[in-house]
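Dear colleague,

I am handing over the structure we spoke about, with the sequence alongside it. Please look through it first; my notes on what was found come directly after.

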Amino acid sequence: MNRRSFVKKVLNGSIAGSLLLVWPMGGGSLEIPVQIPGIKGRDYDILNQEFAFIVDVTRCIGCGSCCVADKREYNVPDGNYRTWVERYVKGFSDKIYVDSPHGGLDGYQHPRTDIDEEIRDTFFVPKLCNMCKEAPCVQVCPVGATFISPDGFVLVDEKRCVGCAYCIQACPYSVRFLNPVTKVAEKCTWCYHRVREGLLPACVEVCPTGARKFGSMKDETSEVYKILKGPGVLTVLKKEMGTFPALYYKGARREVI
Amino acid sequence: MDAGHSSAAMLVSNYVFPNDLHVHWSMMIVLYPYITGLVDGAFIIAALYYLFDVKSLRPVARFSLLFALAFLAIATLPLLLHLGRPERNFNMLLTPSPSSAMAGFGYIYAVSMGVLVFIVLFVYREDLVELRTNSKGLLQLLYRALTFDSIDLSKEAQALDRKIIRFLVGIGIPIAVVLHGYVGFIFGGVKANPTWSTPLMPVIFLFSACVSGISAVILAYILIRKAKGRSIDHGCIKTCIQTLTLFFIMAFTFEMLEVFSHSYLKSGYHHMVEGLLNGPLANSFWLWQVKICSVIPLFVLGVMGIFKIKKRLYNFTAAIVSAILLLQVLIMRWNVVIGGQLMSKSARGYTEFHPQWFDKEGILAVIIVMAIPFIILFVLSRIFPFWETDTESKVK
Amino acid sequence: MDFNYRMRLLTVLISMGVLAGGGLVLKKVLLPDSFGVYGPYRADAIAEAALIPIRHGTNTSCFKCHPHEAKIHKKGRHQTISCEFCHGTYADHVTDGKKIGTLPVKKEKEITTLCLRCHNTEIKARHEEVIKTVAMPNHLKDQRVKITHNCNQCHQVHAPLQYIIRAKQITGLMEAGS
């Protein structure tokens with residue numbers, strides 16, 4: 001633009017506001033940082049990927065940032081949850097009290113007032129899609145609308161799903177729901193659209209304590225690789241179901257179902 | 001499973017997974033197995049006559065075929081009402097997933113419908129030919145199509161018809177078994193749900209299906225004949241009741257065996273199953289399904305089978321028992337389908353189900369869906385007479 | 001018996017077969033293009049899932065236009081907190097390099113509620129090695145501050161210890177263990 005229109009622009013509005021308009025501060029489209037190495041700027045080899053998600057229960061503080069971020073990323077309708085955080089309270093009598101008010105969307109502002117005994121231990125457990133390697137939801141879908149992609153993600157074909165809700169019945173972890181607006185099945189996808197751009201899933205991105213970890217198992221420098229190949233104890237949920245999840249829990253107690 | 005060993009510990013805090021609060025398979029999914037069950041049971045009666053030559057069932061043989069047809073005709077309706085995207089239902093025919101029991105629906109339904117329609121056409125061919133010769137215009141065209149445009153009623157033609165009927169009924173039996181058995185497997189194959197996942201599920205479904213169908217035929221036969229002021233064939237009712245007794249003993253045994261194995265084996269999430277049956281489902285399972293609608297009919301059927309009872313009393317009791325058993329099967333479907341979803345996969349709580357009146361899967365919709373087959377039956381009765389005349393010469 | 005009748009039945013049978021065959025052909029024709037490329041599903045669905053618009057831009061996207069806050073945030077204890085958690089997503093704020101909306105900034109009592117979401121010591125599952133927690137209003141009483149104070153009256157929200165450390169430097173307060 002020439003000097004005349006530049007001056008006009010500056011004079012038209014308040015200085016601060018127009019400065020922002022005149023100088024494109026952000027500039028162009030969203031600049032994506034490299035959060036998962038080896039993906040951005042390269043051809044995506046869909047047949048040669050393996051990702052893992054690790055939840056560190058000892059580091060979850062129940063802030064609910066992950067739930068908020070997930071809801072915002074996908075405009076999830078109220079009452080349905082792609083991810084949520086549970087609070088476990090263990091009494092000295094070995095009784096377990098579990099709750100998840102609004103799936104942890106408001107965080108945990110107050111302790112439970114309905115527990116009569118002395119509390120021995122409490123912890124938070126984030127839950128999300130387990131990305132089972134032998135997914136029961138994929139097995140039961142009558143029309144092939146949910147499937148395991150070659151890179152290991154269990155995804156839903158929104159254009160094909162008939163909304164029969166069989167996959168929702170079949171999921172042992174209850175991570176699926178029927179979207180009341182689109183009337184098709186939906187679930188956490190480990191932010192497939194972000195991972196494809198080399199970004200971390202939204203919930204991993206916002207987690208302030210590193211309770212959620214995500215990375216590629218093809219990258220030996222990634223945190224998840226080191227943890228998975230390391231000596232620590234990692235568990236999966238409902239192992240007896242034989243689903244072989246790609247979601248691992250570090251520090252989850254035996255009470256977690 | 002380490003998470004506590006007493007059921008009291010499990011339910012201290014009723015925790016339901018956030019996505020488990022809503023019951024996804026509602027009353028339409030209770031109706032669908034019920035309807036295909038009625039079809040199967042009615043078909044058993046027809047099969048007993050047409051294939052196994054149980055002569056005493058002649059009075060209801062044709063009627064039971066029409067009854068099965070009327071209900072099979074609307075079997076897709078509850079499913080379409082349930083689907084989130086019913087306009088995409090053809091996906092089941094285009095890309096049925098080989099690993100999904102539910103994917104079998106389109107093809108199994110089409111085949112069983114085809115077989116049943118052809119059986120009816122062959123059974124009623126004589127009546128249809130007569131209607132064809134006595135009608136004109138479009139209606140005559142219809143009857144010509146339904147009789148393959150042939151008026152041949154010679155002895156050989158009728159003998160061929162009988163052979164074809166036997167063949168079709170013969171292949172109809174395994175098809176009917178698959179039609180309802182696969183529904184049982186839809187539930188039995190869900191390992192995530194402890195109340196559903198059992199190999200006994202298809203067996204339980206099949207036997208109780210036969211119970212419902214036979215009861216329906218008995219009740220409908222008695223009510224319709226009484227309404228028209230006609231006689232009731234006692235021998236026919238007796239055979240039906242005997243068949244019913246057999247199937248019901250099997251159905252009840254398997255239902256109770258399933259519950260008993262859970263509580264005896266004490267494996268997996270059995271606390272939750274017991275908690276479900278003794279908690280939210282205590283009334284509908286123990287009181288209604290078992291005590292009122294199973295134990296009482298079992299006794300009554302036993303009495304009817306062992307002792308000699310006057311005809312009128314026998315027929316009356318047959319109608320009452322059939323009505324109760326129709327209710328039993330409906331309640332059993334409710335307890336399995338909806339009851340099974342009340343238990344959260346958290347293994348720590350139960351959710352609630354509140355039937356709505358005006359939902360597309362609501363109470364009003366259920367009433368309408370169940371009324372339609374009777375309207376169809378009425379229309380069918382105008383073309384295919386339910387009962388043969390007193391001469392009984394036309395029944396093949 | 002009419003030879004005709006047998007032939008008619010045979011015709012019916014054959015036409016059923018033809019219909020079935022026609023149905024199978026129709027099935028093949030109507031099958032979506034990308035079906036079966038990787039498995040019994042529409043391979044295009046993978047691309048569709050990958051092309052969902054990204055809503056969270058990550059902190060890097062915020063720092064580009066907000067260098068002042070970026071400088072403070074990167075050095076503070078809150079460096080692991082996402083800007084978008086407290087303020088809202090990038091997608092609600094900028095599209096194609098242009099601002100499309102103002103993101104909310106929490107004020108007064110709302111800030112205290114937001115802080116306590118993580119820092120409330122009453123929730124016992126928050127371990128010291130992971131996060132420092134306080135109980136209200138005890139924390140205010142301990143610090144000799146009015147109990148009507150909001151957190152951000154002492155703590156810079158983007159770097160919560162910035163003012164605290166500076167204050168200690170100014171007053172020359174020496175604390176055991178610091």
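In this predicted model, chain C is divided into domain 1, which covers residues 41–105, and domain 2, which covers residues 106–178. The C-alpha centres of these two domains of chain C lie 27 Å apart, and where the domains meet, 10 residues of domain 1 are in contact with nine residues of domain 2. On the domain 1 side of that contact, helix α4 of chain C (residues 67–75) gives the most, with four residues, while the side as a whole has four nonpolar, three polar and three charged residues.

Turning to the contacts between chains, the one between chain C and chain A takes 41 residues from chain C and 47 residues from chain A. On the chain C side, the elements that give two or more residues are α2 (44–50), α3 (58–65), α5 (83–87) and α6 (109–119) of chain C, and the largest share, five residues, comes from α3(C). By class, this side of chain C divides into 21 nonpolar, 11 polar and nine charged residues.

As for chain B and chain C, 12 residues of chain B are in contact with 12 residues of chain C. Two helices of chain B, α5 (91–94) and α9 (155–188), each supply at least two residues of the side that touches chain C, and the largest share of that side, three residues, comes from α9(B). The side of chain B that touches chain C has five nonpolar, four polar and three charged residues.

With best regards

How values were computed. Residues numbered from 1 in each chain as written. Chains lettered and ligands numbered in written order. Predicted model: local features only at pLDDT ≥ 70, side-chain atom pairs only at ≥ 80, totals over all residues. Contact = placed C-beta atoms within 7 Å. Nonpolar A, V, L, I, M, F, W, Y, C, P; charged D, E, K, R; others polar. Domains from an automatic or database assignment.
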